[in-house]
Amino acid sequence: MAHNSTSGSYRIGTHTVRRVGYGAMQLSGPGVFGPPRDRKAAVAVLREAIAQGVDHLDTSDIYGPHVTNQLIREALHPYRDGLVIATKVGAVRGPNGSWEPAFSPADLERAVHDNLRNLGLEVLDVVNFRAMFSAAGPVEGSIEAPLTALAELQQRGLIRHIGLSNVTPTQVAEGCKVAEIVCVQNHYNLAHRSDDALLDQLADTGTAYVPFYPLGGFTPLQSSALNDVAARLGATPMQVALAWLLHRSPNVLLIPGTSSITHLRENLASAELALSAEDMDTLNHLAERT
């Protein structure tokens, strides 16, 4: 277990996982649609992630669709004890690769069974409901009905834990009234920090926060400042951005994705990157720079 052993751990429901995991979205084709250009390379990345100590995989049967889960099964089944696979439901892919909402009870049950079949599982560790009122980001709207449908599937023994994705604080509060929410997965990084208050609230309740797009939405000026810190530390900007997220709060669980073994190892090594108080101060102010 090389790089990932020093990242610390946090819990998702009854599971405890290392804080740096792996997001499998990039293993499918361009636009997260269709098969990968190099299937053997995709399988190799998954096996290397496990060899490096990763015990938290993030995926969805809408990646491909079906492609990424089938790759995970090919590469890793039968699964190592302690490996937590989190997936997402709430959307389907159109014939041109579009992302469309799929909220009905029938849609959600079909998605759960698709994930089970393609992953080769009898029960899903974590199912995140992705609120697709907008594909561009969180938009208000009631999630009570779809979460009630997922809670029923949980009672039937098909799901262990339920999480949320692409949601507002209001939707998180609503969701907690329907089911135990073990994690929230939203867009959050150094430059995109609208979830600051939500992240802190979740930390207070012991709920995992799983940020995605760790380098998405940066302005040139923000990227320049990040590059300066990375150069001073002898690290890559991605490593610094991931390290900042780990420093931000102990309930943050990372799922950086890549189709490259070299980048995978770099991402895992971010857990060992020490950020000084000066570095943190510089990075904390990036959101103010436009």
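Me: Which residues of the largest nonpolar core touch the most other members?

Reply: In soluble globular proteins, nonpolar side chains tend to be buried together. A nonpolar core is here a set of buried Ala, Val, Leu, Ile, Met, Phe, Trp, Tyr and Cys residues joined through side-chain atoms within 4.5 Å; buried means under 20% relative accessible area, exposed over 50%, and partly exposed in between, with a 1.4 Å probe and protein chains only. The largest core has 80 residues, and Tyr22, Ile72, Leu76, Val112, Phe129, Leu150 and Leu283 touch the most other members. Helix α8 (residues 237-248) supplies the largest share of this core, seven residues. A second, separate core has twelve residues, including Tyr10, Ile12, Ala208 and Val210.

The model is predicted: local features need pLDDT of at least 70, side-chain atom pairs count only at pLDDT 80 or more, and totals for chains, interfaces and linings use all residues. Residues are numbered from 1 along each chain as its sequence is written, and side-chain values use heavy atoms, with hydrogens and water left out.

Me: Is Ile143 buried or exposed, and with which residues is Ile143 in contact?

Reply: Contact means heavy atoms within 4.5 Å. Ile143 lies in the loop between β8 (124-130) and α4; helices (H or I, at least four residues) and strands (E, at least two) are DSSP runs numbered from the N terminus. Its relative accessibility is 0%, so Ile143 counts as buried. Leaving aside neighbours within four places in sequence, Ile143 is in contact with Phe129, Ala131, Phe133, Leu164, Gln171, Glu174 and Gly175.

Me: How is the packing of α3 with α4 described?

Reply: Two packed helices are described by the angle between their axes and the distance between the axes. Axes are lines fitted to C-alpha atoms, for helices over the stretch in contact, with angles from 0 to 180 degrees between N-to-C directions. The axes of α3 (residues 105-119) and α4 (residues 144-155) come within 9 Å and cross at roughly 45°. Angles under 35 degrees count as roughly parallel, over 145 as roughly antiparallel, 65 to 115 as roughly perpendicular and the rest as oblique; α3 and α4 are therefore oblique to each other. Pro105, Leu108, Glu109 and Val112 of α3 meet Pro146, Ala149, Leu150 and Leu153 of α4.

Me: At what angle do the axes of α7 and α8 cross?

Reply: The axes of α7 (residues 220-233) and α8 cross at roughly 95° and come within 8 Å, so α7 is roughly perpendicular to α8. The contact is made by Leu226, Asn227, Val229, Ala230 and Leu233 of α7 with Pro237, Val240 and Ala241 of α8.
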